[in-house]
Amino acid sequence: MYPELGLYIDGKWRRAEGRISEPVINPATEQAIADLWHASDDDLQDALAAAKRAFSQWRKVSPYDRARLLRKAADFLRGRRDEVALTLTLEQGKILAESRGEVDAAADIIEWAADEGRRTYGRLIAGRTSDIRQLVVPEPVGPAAAFTPWNFPATTPARKISTALAAGCPIVIKAAEETPGTCVEIVRAFDEAGVPPGVIGLVFGKPAHVSETLIASPIIRKISFTGSVPVGKHLTRLAADGMKRVTMELGGHSPAIVFNDADAAQAARILVGGKYRNAGQVCIAPSRFYVHSDIEDEFVSAFVAEAKKLKLGDGADASTTMGPMANVRRLDAMDRFMSDPALGGETLLGGARTGNRGYFYEPTVVHNASDEAKLMREEPFGPIAPIAKFDDFDEVIAKANALPYGLAAYVFTASTKTALAASDEIESGMVAVNSLSMTLTETPMGGVKDSGQGYEGGIEGIEGYLNRKYVSLM
Ligand code: NAD
């Protein structure tokens, strides 16, 4: 069921052949499910050289023809949706329903990028004299290097690969070593669609070594990373040495503010769905809950009651509604949040690992944790929900804006005036009011402050892969 893993370089798959390997672990069982081969330095140089060769051709393929190949890849992926979803669940842990949704979303993203490439327009600017024409021409920036994490192993690589290709850029991608199978399946879809050799390279290895090698290469002109803030800052510094463009989609600690005119029970139900999806390992998950004191009791009991309904288990089991954490590092991180001497408050639900096998952590609710607690200041990236109360608008906005993050925010209110005021004041790349609707294919995703640089998705996504050349004609 799990695919044969490999490196994809210059249109061919490379496998063991003396390379070092690491096991891929199923987080629900802790069993090894495959061996992943690491790229040697020669492999990395081959992938770079292939990307350079491919660029000279791929940039000249018309956006119309590029779109046809991308659409085909989306169809191949959709055709294997259930198989790829099972691979995703086996290596990452999320429940099958979420994995299927993610594979569908990955196919949608590829189609969106295909069409967006066809809608990449230039500009004609009036000259200062009648005999001059001034053009602004979009051009691909050049080969890109991309680094994707383990929490969304289908949509993240699909977005980076398809946007680069639609813009005319080859891409060398290092997907997460913990979840390689899903990216192998995505690259296979592009390969079967007929994307020429060298346009996509897929490599794995020691993340720091691969990223340093690729980013230092003069062939690479663009870096795209999704992951943690410290790694994003590190890669941005490396990119600065070569003055390379970056798109950084980093972490968040998203406030969810529930005002006293909101339907407390409904808000709790919606927010539990968002908080515990993928066991909380979602960069845009609502993760700090501020509830007006008038409706605090009602919200807290509804939230706990809803969270109690979650059925923790192997994501491949159809009755499971929350899977394990993706790796043992996240379990350790949950322990650190809960054993923090500054935590304070009261743990109303969960608070511990569970089971003898697999990386399972209970859905957890902490009421009134101290503002100084790690849980209120650092991205939890796990199933721990801190709920605190507030009394007035300025106070809660100050709390929402108190952290260096600025990725997503959620507001629940019946008042349009409050909704607009809150969305104006919150320092965040995205705000959803009365729902979790965010990061759709057609909407831009990006953070402010430490949460990132640039955008993915929407009409903004492709700009990160384009230069705008000015040409004057007389
Ligand atoms: P981490 O910081 O070690 O790694 C995050 C990701 O970056 C991983 O995919 C990893 O392979 C990659 N990475 C690490 N060092 C790298 C390097 N030098 N060059 C290139 N890639 C590198 O942390 P982790 O334990 O894997 O995840 C924990 C934290 O990462 C979470 O708390 C969360 O803040 C963040 N994270 C964010 C996202 C997101 O969607 N923004 C996704 C995954 C992880």
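**The shell around the ligand**

Mentor: At least two residues of the shell around the ligand come from each of these elements: helix 7 (207–216), strand 10 (222–226), helix 8 (229–241) and helix 11 (328–338). Keep in mind that the model is predicted. Helix 7 makes the greatest contribution to the shell, 3 residues. In total, 20 residues surround the ligand, and the closest are W150, S211, S228, R329 and E379. By type, the shell holds 10 nonpolar, 6 polar and 4 charged residues.

Next, the domains. Residues of the shell come from both domain 1 (7–250 + 451–473) and domain 2 (254–441), so the ligand lies between them.

In the side chain of E379, an N or O atom is 2.3 Å from an oxygen atom of the ligand. For R329, a polar side-chain atom lies 2.7 Å from an oxygen atom of the ligand. With P207 the backbone is involved: one of its N or O atoms lies 3.3 Å from a nitrogen atom of the ligand. As for cover, the ligand on its own has 790 Å² of accessible area, and the protein covers 84% of this.

Conventions
Residues are numbered from 1 along each chain as its sequence is written. This is a predicted model: local features need pLDDT of at least 70, side-chain atom pairs count only at pLDDT 80 or more; totals for chains, interfaces and linings use all residues. Side-chain values use heavy atoms; hydrogens and water are left out. A residue is near a molecule or strand if one of its heavy atoms lies within 4 Å of it. A polar contact is a pair of N or O atoms within 3.5 Å; within protein, one must be able to donate a hydrogen and the other to accept it, and residues adjacent in sequence count only if both atoms are side-chain atoms. Accessible areas come from the Shrake-Rupley method with a 1.4 Å probe; for residues, only the protein chains shown count as cover. Helices (H or I, at least four residues) and strands (E, at least two) are DSSP runs, numbered from the N terminus. Ala, Val, Leu, Ile, Met, Phe, Trp, Tyr, Cys and Pro count as nonpolar, Asp, Glu, Lys and Arg as charged, and the others, Gly among them, as polar. Domain bounds come from an automatic or database domain assignment.
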